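Me: I would like to go through the terms used for this model and ask, for each, what stands behind it.

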Amino acid sequence: MADKRSYFITTPIYYVNARPHLGTAYSTILCDVQARFRRAEGYDVKFLTGMDEHGEKVEEAARAHGMEPQEWCDSQAPYFQDLWRRLEVSNDDFIRTTEPRQVRAVQYLWERMRDSGYLYKGSYDGWYCVPEETYFTETQVAKADEERHTEGEHLCPDCGRPLERVQEESYFFKLSAFQDRLLRLYDEHPDFVQPDFRMREVRSFVEGGLQDLSVSRTSFDWGIKVPFDDRHVTYVWFDALLNYMTAVGYGDPSEAARRELAYRWPAQMHVVGKDIIRFHCVIWPAMLMAMGDALPEHVFAHGFLMVRNEETGQGEKMSKSRGNAIAPDDVIDLLGVEGYRYYFMTDVTPGEDGAISFSRMEQVYNADLANSWGNLVSRAFNMSAKYFDGKSPEVPAGWAAEASPLHDVAEGIFGRYAAHMEKIEYVQAKDVVMELVHAANHYIEDSEPWNVAKDPARSGELARIILNLLESIRICAHLLAPFMPETSAEALRRMSHGDEAACTDLAAACAWGQLSGGLAVIKGDALFPRLQKKGA
């Protein structure tokens, strides 16, 4: 473990009040692509996801289904785990906040918070949104109601649903004490929150002033008990945020856990939706500051998925009442799993809201996967079968150093690609790869290998054309693997380079000239059969 760099990446843990949907899958695949990329770079990756199982919202969902909360949570876990397996998600851990390790960690957190001096007991009297699991001040509620012209209705500033008036004894975390330290953090680490415009939102929120945070409840009991006051249960976010450290040994007194925590923490990347950015970029770092623990290096906040209205072209919120809800299975049925992954990762800009539609899915699939990438693989492998007896041509001495249009495009490709991947700029990273794919398809048309093959005196030229195409495919397969791992592995296998799929030095693997000659090349079925128009 110590001889490799750690890369620890996390999704938010998902509420179990509903089954996984396109949004939860989007967050998870965003992380999976990064985790696969980092493994290919040689990192020792820990990729964490899981479920947030405590709180009033979960208790209400269980009651609505005639179940006890734990029974309800247990019934929901397989939906998440099964979908992640189906979507080729490579998480290393799946944490549930009802697990003993989380209970132990949260109770340890309470003891440390009490010792820190940033915890006190008082009484909370204010507004609370159960669906958002968020407290709001009178000022925030009044301002939101005024903007919506719903004065006096006391609606949630975030989701617009009715707020609950909460009056109860509570423990408070002195969040207000960390305003200056948080602003200093943002100044000293301007990439702590990504993308940049999300950092501006967070900074503006903190500059507006922070209120101490109620971190316990007494009005219900579905939560982790406060160890020194069992009339109180832990506020769900005070519990949930800690999962990231729990999963790498926090609160576990064993020597192995201490080593794991020292190696893995701080996390390199938390990926979250924009709706929970305040918890991860304000409350979570303040909690860690209070305990004297290291802060995560980056928090990446992605936007929401909307549905594009084909008549107006505008993005609309997905909802059953509008009749525009799309489930993961709907997209898998249309595009397949690899097409699903490719579309959401390369056609929706990760930091922004994205409007999706079946017609756009078909367009991207056909243009990029069927007509470009899949077509390139099919034609090159077919020509290997036709002109070189189903093998790659023998590699002549000095071929790797020879100039060619494809060699030129591939020069430095890993650096250009990695610069985007490291910042979760997946659309731009895809563009780098597709530049080589498109160049290779043009190269076929320009070099006309079918004509070259007619002249035995040009056999060396024909071999070089096919070698250049196969080498371009080999490199592109590596670079597309984080997005479409099974297809890339299959492409490498068909050209007898299947052992490269388990790459741990991506930069080296993408250097031009590593193709082996004289190996079997299998055309096989189309990687991406063209879709017939059927979307709306």
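**Terms and their grounds**

Me: What makes β5 and β7 paired strands?

Reply: In this predicted model, strand β5 (residues 119–129) and strand β7 (residues 164–173) run antiparallel and are joined by 10 bridges. Pairing asks for at least two bridges between two strands, so with 10 bridges β5 and β7 count as a pair. Within this pairing, D125 stands opposite Q167 in β7.

Me: Why are β6 and β9 said to stand at the edges?

Reply: The open sheet has 4 strands in the order β6-β5-β7-β9, with antiparallel pairing. Because β6 (134–136) and β9 (213–214) each have a single partner strand, one side of each is left without a neighbour in the sheet. Across β5, β6 and β7 lies helix α5 (residues 138–148), which runs at about 85° to β6.

Me: Why is W84 called buried?

Reply: The relative accessibility of W84 is 1%, and the word buried applies under 20%, so W84 falls on the buried side of that cut-off. W84 has its place in helix α3 (residues 69–86). Leaving aside neighbours within four places in sequence, its contacts are Y14, P20, T24, A25, T28, T49, V89, N91 and F94.

Me: Which residues of α2 are buried, and what covers them?

Reply: In helix α2 (residues 56–64), the buried residues are E56, K57, V58, E59, A61 and A62. The cover over the buried residues of α2 includes β2 (14–15), β3 (44–52), α3, β5, β7 and β10 (216–217). After α2 comes G66, with a positive phi near 70°.

Me: How do you know that α13 and α18 pack against each other, and at what angle?

Reply: Helix α13 (residues 358–387) and helix α18 (residues 459–480) pack at an angle of about 140°, and their axes are 10 Å apart. The residues that meet are W373, L376, V377, A380, F381, M383, S384 and Y387 in α13, and L462, I466, L469, L470, I473, C476, A477 and L480 in α18. Heavy atoms within 4.5 Å are what contact requires.

Me: How many nonpolar, polar and charged residues does that contact of α13 with α18 have?

Reply: By class, the contact of α13 with α18 has 15 nonpolar residues, 1 polar residue and no charged residues. As for handedness, α13 passes α18 in a left-handed crossing.

Key. Residues are numbered from 1 along each chain as its sequence is written. This is a predicted model: local features need pLDDT of at least 70, side-chain atom pairs count only at pLDDT 80 or more; totals for chains, interfaces and linings use all residues. Side-chain values use heavy atoms; hydrogens and water are left out. Axes are lines fitted to C-alpha atoms, for helices over the stretch in contact, and angles run from 0 to 180 degrees between N-to-C directions. Helices (H or I, at least four residues) and strands (E, at least two) are DSSP runs, numbered from the N terminus. A crossing is left-handed if the near helix is turned anticlockwise from the far one by less than a right angle, and right-handed if clockwise. Ala, Val, Leu, Ile, Met, Phe, Trp, Tyr, Cys and Pro count as nonpolar, Asp, Glu, Lys and Arg as charged, and the others, Gly among them, as polar. Buried means under 20% relative accessible area, exposed over 50%, partly exposed in between (1.4 Å probe, protein chains only).
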